[in-house]
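I am opening a notebook on a structure that is new to me, and I want to write down what I look up as I go.

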Amino acid sequence: MALRSILSKNTIARSVGLGLRLGHVRGLKTLSLPDLPYGYGALEPVISEEIMHLHHLKHHLTYVTNYNKALELLDVAMGKGDAQTVVKLQSLIKFNGGGHINHSIFWNNLAPTGEGGGEPPEGPLAGAIDKQFISLGKLIDKINAEGAALQGSGWVWLAFDKELGRLAVETTLNQDPLVTKKATLVPLLGVDVWEHAYYLQYKNVKQEYLSSIWKVMNWKYAGEVYDKSRS
Ligand SMILES: [Fe+2]
C-alpha cells in the first residue's frame, strides 16, 4: 500500500481532539491506521495471531495517535511563535511518525505462505542480490547478523541506494525511518527487531525470530519497490 494512500483526508480537527480551536488546525492532515493486507492469524505459525493483533492494533495505532497529537501541538506552538515547544516536539514527531512509516512498510513486507510469503525474489532484484551478495542465503545471513547485533530496539533493512545505484543492508535505532540515515536510501524490506515484534512467541531468542521470518517474507513487494526506485 502506498504511503500516500495511508494519509487520511480527515483534518486534524476530526481526530482525537484536544479541544483546540479550528483556526489553528484547519488544513493539517492526520494519519490513520492502515488495514493489514491479510488476517491477524495469516502468518501463523511464523508470527502468532496474538503478536500481530497487538502489534497492529496497539503499537502501530499508538504511533498514529501520538503523531497526530504532536502535530496538533506543533500547529498551536507555531501559531504562537513558541520556538521552544516547536523544537521539543521534533523528537515526538520523529519517533511516532517513524513508527508509522516503518510499520506500514513492514506489513507489506510480509505475506502468508501460499500467497507469496517466503517465495524467493525474481527478476532484476534477484540478479542484483546475486551480484552483490553472491546468493540470497548470504544476504539473509547478513541481515540476520546485523539484526541480532542491534543493541536495544530498532530495524534492519535491505535498501536500494539511489545515489550509488546499489543495494545496502542498514540498521536504524528506535523508530528512526531509513531516510534519516541517508536521504537516497529506499527501503525494500524492513525487519522489526523490537521485542514487541517477537517476544510473546520467541521469548529472548531473537535469532530464531530472525531466521523464521523469511518464511513469510514478501519478496514480490521488495522487487516492485526496487523496480520503481530505479526508474
Ligand atoms: Fe513494531
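This is a predicted model: local features need pLDDT of at least 70, side-chain atom pairs count only at pLDDT 80 or more; totals for chains, interfaces and linings use all residues.

I looked up how helix α3, residues 49-80, lies against helix α4, residues 83-109, and found an angle of about 150 degrees, with the axes 8 Å apart. By the convention above, α3 and α4 are therefore roughly antiparallel to each other. I then listed the residues that make the contact: on the α3 side they include H60, Y63, V64 and Y67, and on the α4 side they include L89, L92, I93 and H103. As for handedness, I noted that α3 passes α4 in a left-handed crossing.

**Entry: the chain as a whole**

I stepped back to count elements, and the chain has 9 helices and 5 strands. Read from the N terminus, I wrote their order as α-β-α-β-α-α-α-α-β-β-β-α-α-α. Of the 231 residues in the chain, 33% are buried. I also looked at contacts with a separation of 6 or more, and residues 24 or more positions apart account for 66% of them.

I picked T65, which lies in helix α3, and asked myself how far its C-alpha atom is from that of G97. The two C-alpha atoms are separated by 9.8 Å, while the residues are 32 apart along the chain. T65 is partly exposed, because 18 other C-beta atoms lie within 10 Å, and a residue needs 20 or more to be buried.

Next I turned to F95, which has its place in helix α4, and which is partly exposed, with 16 other C-beta atoms within 10 Å. Which residues does F95 touch, if those up to four places away in sequence are not counted? I found N174 and Q175. From C-alpha to C-alpha, F95 and N174 are 7.5 Å apart in space, although they are 79 residues apart in sequence.

**Entry: backbone details in the loops**

Is I134 buried or exposed? It is exposed, because 10 other C-beta atoms lie within 10 Å, and exposed residues are those with 12 or fewer.

I looked for P45 as well, and found it in the loop between β2, residues 29-31, and α3. The peptide bond that joins E44 and P45 is cis, with omega at about 0 degrees.

**Entry: helix α6**

Helix α6, residues 136-149, has 14 residues and reaches 20 Å from its first C-alpha to its last, close to the 20 Å expected at 1.5 Å a residue. I listed its buried residues as L139, I143, N144 and G147. They cover an arc of only 130 degrees around the axis, which puts them on the same side of α6. On the face turned away from this buried side I found the exposed residues G137 and A149. The buried residues of α6 pack against α5 (123-133), β3 (154-161), β4 (166-173), β5 (185-192) and α8 (206-212).

**Entry: helix α9**

I then checked the length of α9: at 1.5 Å a residue its 12 residues should span 16 Å, and its end C-alpha atoms are 17 Å apart, which agrees. The buried residues of α9 are W219, Y221, A222, V225 and Y226. Seen down the axis, these fall within an arc of 155 degrees, so they line one face of the helix. I finished by noting that the buried residues of α9 pack against α4, α5, β3 and β5.

Methods. Residues are numbered from 1 along each chain as its sequence is written. Helices (H or I, at least four residues) and strands (E, at least two) are DSSP runs, numbered from the N terminus. The expected span of a helix is 1.5 Å times one less than its number of residues. The arc is that of the directions from the helix axis to the C-beta atoms. Two residues are in contact if their C-beta atoms, placed from the backbone, lie within 7 Å. Axes are lines fitted to C-alpha atoms, for helices over the stretch in contact, and angles run from 0 to 180 degrees between N-to-C directions. Angles under 35 degrees count as roughly parallel, over 145 as roughly antiparallel, 65 to 115 as roughly perpendicular and the rest as oblique. A crossing is left-handed if the near helix is turned anticlockwise from the far one by less than a right angle, and right-handed if clockwise.
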